[in-house]
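Here's a quick briefing to keep beside you as you look around this protein. Take it topic by topic, with the picture open.

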Amino acid sequence: MDNAPEHHSANSLSQKDLFKMPIIRVALDVPVATLFDYLASDATTHDIGVRVQVPFGRKIMTGVIMEVLDSSPVTPGKLKTAASLFHDIPPLPLTLLDLCRFCSNYYHHPLGEVVMNSLPSRLRSNKPFIQKSTPPFQFRLTDAGRHADTTSIPVRSIIQHRLLNRLRENGVIKPDEARQISPSAPKVLQKFREMGWIEEVPIHSSSAKSVSSPVLNTEQQTAFDAIANDIRKFNVWLLHGITGSGKTEIYLRLITLLLLQGRQTLVLVPEISLTPQLEQIFRSRFPTTLLVCLHSRLSDSERLKGWLQAQKGEAKIVLGTRLAVFAPLPKLGMIIVDEEQDGSFKQQDGLRYSARDVSIFRAKQENVPVILGSATPSLESYYHATNGRYRMLRLSSRAVKKAVLPAVHCIDIRSAKCIDGLSQPLITALENGLAQDQQSLVFLNRRGYAPVLLCKSCSWTAKCHRCTSRLVVHLREKQLRCHHCGHQERFPSSCPDCGDQDIVPFGQGTQRVEALLAERFPNARILRIDRDSTRLKDGWEKMLKDIYERRVDILVGTQILAKGHDFPNLSLVGILNSDAALFSTDFRAAERLFAQLMQVAGRAGRADIPGEVLVQTEFPDHPLYHALRRHDYAALAQTLLSERKMAGFPPFVYQALLRAEAPQISAAMNFLTSAAELAGSTTGGVEIFDPVPAQMARLKGLERAHLLVQSGSRKKLQEFLTSWHTRITTLPIRKVRWSLDVDPQEF
Ligand code: ADP
Ligand code: ZN
Ligand code: ZN
């Protein structure tokens, strides 16, 4: 031991002591698919899930203890000793560590990165976390407690009777009041809690009145009963209900049920910041329940606070975006994924997980139901629901009495008279809306003034030098902007190719439509809503307020507007420029377009106003528009599913994409070719395609290519990926960045 190198922090111990010392296996945020072993003198299996500081190279890093062992394959003399264990918060639940293991295996991503990235950043740092005391709380009698049969409590159990009587008189009891009744009160209250008779509520908000809930209609009741009857079991429920059919109401009822049982609900939504209404609805329905939001726009400390409240089981409702799927929830009772088809549930870098799919795994692991809600389910989910793997529940009419679905009409712009891209029937409809003091919405999914800057004499167009994309004209700022990489440049005064000064914006974006409408309807109050106009903090909330309080006549906007907003005064929706997606090379484009148009169309005519939707198109006979006119999701889904089956696309096959990017396309392609060669003979049941450039062949200055592999069997694909991935890591890579994307959504 005399010659032991310096980094042997255990060099004061004898070899014999070393053998007896427990070994911890630690997850660290490093990009290698392995965990790291350290000596930790007093670690026990209770320390699994505890954060720990360890020496790593020349640094000190914080990781999470995944296992505690009594031997390690590493030579004992080579093991370093852990610096310190953090006992500042309770250990991460074992189920959460298993969830991370699943993600690591399924997405072929290093476990250490998965574990560490699931934590709020404050807990990844090398400093222990000092907790402030938790807010004061009290116990509140639940409905179950109010109606509980007291004859089930033995007469002798005086404390139980006294506590229950006090609760029935006052509705609530504080912990110290209870202790005055008897020192054993906390134990009794704990028992009441387990029976669902009482619940913990923060003291400050106990006076708030909750909003009453409407009587469920027959379809809602049927759906609620089905889930409620199986509330303690894993099932994937597909709640397929048209916009406004009252899906949210069902979520609220189910959450009420879980609150009675003292259990937590995780609600995942695409983008909370776009739907402040939803948070409001939840808060006003459950004013005394601790609800936390978890999303990436929170500050580190806000996120940490919510995360800890979830971890302690205090937060009964966790409302979050995809990252919330990794929140620790010791009393998890149900997961809801609202708008399950939304692309934002899939992370597009790092761990490329789908929060929806991880939710399903998590629900299965914890044996709780998961509800996928949507008006336009993803074809994957819909297919599983029709073949019996998921259980389908339908809501086919709008929940509010009298509210009917809007009438959808196509305007054939090959024959209709158009002025600056606006057809006469749409203009007339907008005029009528103004005359009747009702709101209208013009939807097009393209921000900026025009998507192209064109030279009329030589057909030059302005392109991004870093991406395979055209630069978008932002006229007001006199700028050209790339919507993919953020590059901006000034407007050229003449064509860089031929020198002609006749360069013009071509095509329409929201800014241009806004300008056209302002010219056409000088007295109308027009509001543009897109990512540019809502960028300012609180901008979006102020805009929503203006819409509600009827200070807006015509809205012009992108898909931001489509998400979950209830605009009570909106009667007309006009849809521009949706044709391009009909003929996209992306096999999911039609599905996405339909979902988007159904969502936008669903904004029209919610309350007492009948709605109308006008779609400007050159292809009024396309099956997608047929289905849209009849609000017939099922018909389109059948068409698209049979196309997918014929072509061998998901959900009939499972896919993975090996992505590569490099400064030179040849480097990326060579890497992929070598990877394909590695796959060689081991491809039983797995199809391997040739490497091809990505749809967006260049992004942020890097050339991109990919290689698709697919199989009819998820298991076979996974087996293949596991061995292939290991071999790919041995490839010499020079200047190539690669990643494996399981169940890819973008190509
Ligand atoms: P979805 O989430 O399916 O789009 P919501 O849950 O937002 O639909 O419901 C749409 C509207 O209908 C809301 O204003 C909601 O308060 C109302 N609503 C829901 N269920 C009922 C019901 N059973 N009776 C009356 N109104 C209802
Ligand atoms: Zn030119
Ligand atoms: Zn760019």
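What is the mean pLDDT of the protein chain, and what percentage of its residues reach 70 or more? The mean is 90, and 94% of the residues reach 70 or more; pLDDT is the predictor's confidence in each residue, from 0 to 100. This is a predicted model, where local features need pLDDT of at least 70, side-chain atom pairs count only at pLDDT 80 or more, and totals for chains, interfaces and linings use all residues. Residues are numbered from 1 along each chain as its sequence is written, chains are lettered from A and ligands numbered from 1 in the order in which they are written, and side-chain values use heavy atoms, with hydrogens and water left out.

- Confidence in the protein chain is lowest in helix 1 (residues 15-20), with a mean of 55, and highest in helix 13 (residues 355-365), with 98.
- Helices (H or I, at least four residues) and strands (E, at least two) are DSSP runs, numbered from the N terminus.
- Over residues 1-13, pLDDT stays under 50, and the model has 14 contacts for them beyond four places in sequence; contact means heavy atoms within 4.5 Å.

- Six strands make an open sheet in the order 5-2-1-4-3-6, and the pairing is mixed; two strands pair if DSSP finds at least two bridges between them.
- Strand 5 (80-81) and strand 6 (84-86) sit at the edges with a single partner strand each, so one side of each has no neighbour in the sheet.
- Strand 1 (residues 23-27) and strand 4 (residues 59-69) run antiparallel, joined by five bridges.
- Within that pairing, look for Ile23, whose bridge partner in strand 4 is Leu69.

- Another open sheet has three strands in the order 8-7-9, with antiparallel pairing.
- Its edges are strand 8 (172-173) and strand 9 (198-202); each has a single partner strand, so one side of each is left without a neighbour in the sheet.
- Two bridges pair strand 7 (residues 137-141) with strand 8 in the antiparallel sense, and Phe139 stands opposite Ile173 in strand 8.
- Helix 8 packs on this sheet and touches strand 7, strand 8 and strand 9, its direction making about 105 degrees with that of strand 9.
- For these angles, axes are lines fitted to C-alpha atoms (for helices, over the stretch in contact), and angles run from 0 to 180 degrees between N-to-C directions.

**Helices that cross**

- Helix 6 (residues 158-170) and helix 8 (residues 185-194) have axes that come within 10 Å and cross at roughly 65 degrees, so the two are roughly perpendicular to each other.
- As for the wording, angles under 35 degrees count as roughly parallel, over 145 as roughly antiparallel, 65 to 115 as roughly perpendicular and the rest as oblique.
- Where they meet, Ile159, Gln160, Leu163, Leu164 and Leu167 in helix 6 touch Ala185, Val188, Leu189, Lys191 and Phe192 in helix 8.
- Sorted by class, that contact of helix 6 with helix 8 has eight nonpolar, one polar and one charged residues; Ala, Val, Leu, Ile, Met, Phe, Trp, Tyr, Cys and Pro count as nonpolar, Asp, Glu, Lys and Arg as charged, and the others, Gly among them, as polar.
- The axes of helix 2 (residues 94-107) and helix 13 come within 11 Å, crossing at roughly 135 degrees, which makes helix 2 oblique to helix 13.
- For helix 21 (residues 665-679) and helix 22 (residues 714-728), the axes come within 10 Å and cross at roughly 130 degrees, so this pair is oblique too.
- Phe671, Ala675, Leu678 and Ala679 in helix 21 meet Phe720, Trp724, Arg727 and Ile728 in helix 22, a contact with seven nonpolar, no polar and one charged residues.

- Pro650 and Pro651 are joined by a cis peptide bond, with omega about 5 degrees; Pro651 is in the loop between helix 20 (633-647) and strand 30 (654-662).
- His631 isn't a glycine, yet its phi is positive, near 50 degrees; look for His631 in the loop between helix 19 (623-629) and helix 20.
- Lys700, also not a glycine, has a positive phi of about 50 degrees and lies in the loop between strand 32 (692-699) and strand 33 (702-711).
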